[in-house]
Amino acid sequence: YETIRNQVNPHFLFNSLNTLSSLINGNQIAENFIQQLSSIYRYVLENHNVETVSLESEMKFVEDYFSLQKIRNEEKVILDIRPFDIKNYRILPVSLQTLVENALKHNSATRDKPLRISIFQEDDFIVVKNNLQKKLNIEDSPGTGLNNLAERLKLITNKELKVTDTTEDFIVKIPLIRD
């Protein structure tokens, strides 16, 4: 029953997204949004039971995720991905997206003061860094996403997530896994 249910739900969602896309025919922004949402959901489904993915596929995933956020937030958020070697590394699936989402959730962003998120390599780590512009109305977060990521990383790789919280930046370093 569970296997059938898991097969039906994604099928229904993808059919619904295709139907929605045909209904909004002509609105290129909306069609692009639906295509990227479909791609993101497919990535999550395909990788929810795997321990690691190629850094290359994870980078593509986080770029797709961010492009959805960019549609919503326009010039209020900026993603800066500095060039680095993505061919010989693996990483936990959805780890970079978790950190980008964390930055978006906990920080304010305006056109005058955009939220800047950088992703770059430093030795054998991928670094996700954002400027701090903490939201005033957000309740104290239990840090569930970050804690879950740290725990998954420890269980799968026996390595530690490195978190640095300064007055100006929030920086997380994820150890890379060599192929």
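The legends below describe an overview and close-up views of a predicted model.

**Figure 1. Overall make-up of the protein chain.** The protein chain holds five helices and eight strands. Along the sequence these follow the order α-α-β-α-β-β-α-β-β-α-β-β-β. Of its 179 residues, 37% count as buried. Among contacts between residues at least 6 apart in sequence, 71% join residues at least 24 apart.

**Figure 2. Packing of helices α2 and α3.** Helix α2 spans residues 28-47 and helix α3 residues 55-73. The two pack at an angle of about 145°, and their axes lie 9 Å apart. Their crossing is left-handed.

**Figure 3. Residues in the contact of α2 with α3.** From α2, the contact takes in Ile-29, Phe-33, Gln-36, Leu-37, Ser-39, Ile-40, Tyr-43 and Val-44. Facing them in α3 are Ser-57, Glu-58, Phe-61, Asp-64, Tyr-65, Ser-67, Leu-68 and Ile-71. By type, the residues of this contact comprise 10 nonpolar, four polar and two charged.

**Figure 4. Helix α5 and its buried face.** Helix α5 covers residues 144-157, 14 residues in total. From first C-alpha to last it reaches 19 Å, close to the 20 Å expected at 1.5 Å a residue. Leu-146, Leu-149, Leu-153 and Thr-157 are buried in α5. Seen down the helix axis, the buried residues of α5 fall within an arc of 60°, so they line one face of the helix. An α-helix has 3.6 residues a turn, so residues three or four places apart point the same way.

Figure 5. Just after α5, Asn-158 takes a positive phi of about 60°.

Definitions and conventions: Residues are numbered from 1 along each chain as its sequence is written. This is a predicted model: local features need pLDDT of at least 70, side-chain atom pairs count only at pLDDT 80 or more; totals for chains, interfaces and linings use all residues. Side-chain values use heavy atoms; hydrogens and water are left out. Helices (H or I, at least four residues) and strands (E, at least two) are DSSP runs, numbered from the N terminus. The expected span of a helix is 1.5 Å times one less than its number of residues. Buried means under 20% relative accessible area, exposed over 50%, partly exposed in between (1.4 Å probe, protein chains only). The arc is that of the directions from the helix axis to the C-beta atoms. Axes are lines fitted to C-alpha atoms, for helices over the stretch in contact, and angles run from 0 to 180 degrees between N-to-C directions. A crossing is left-handed if the near helix is turned anticlockwise from the far one by less than a right angle, and right-handed if clockwise. Contact means heavy atoms within 4.5 Å. Ala, Val, Leu, Ile, Met, Phe, Trp, Tyr, Cys and Pro count as nonpolar, Asp, Glu, Lys and Arg as charged, and the others, Gly among them, as polar.
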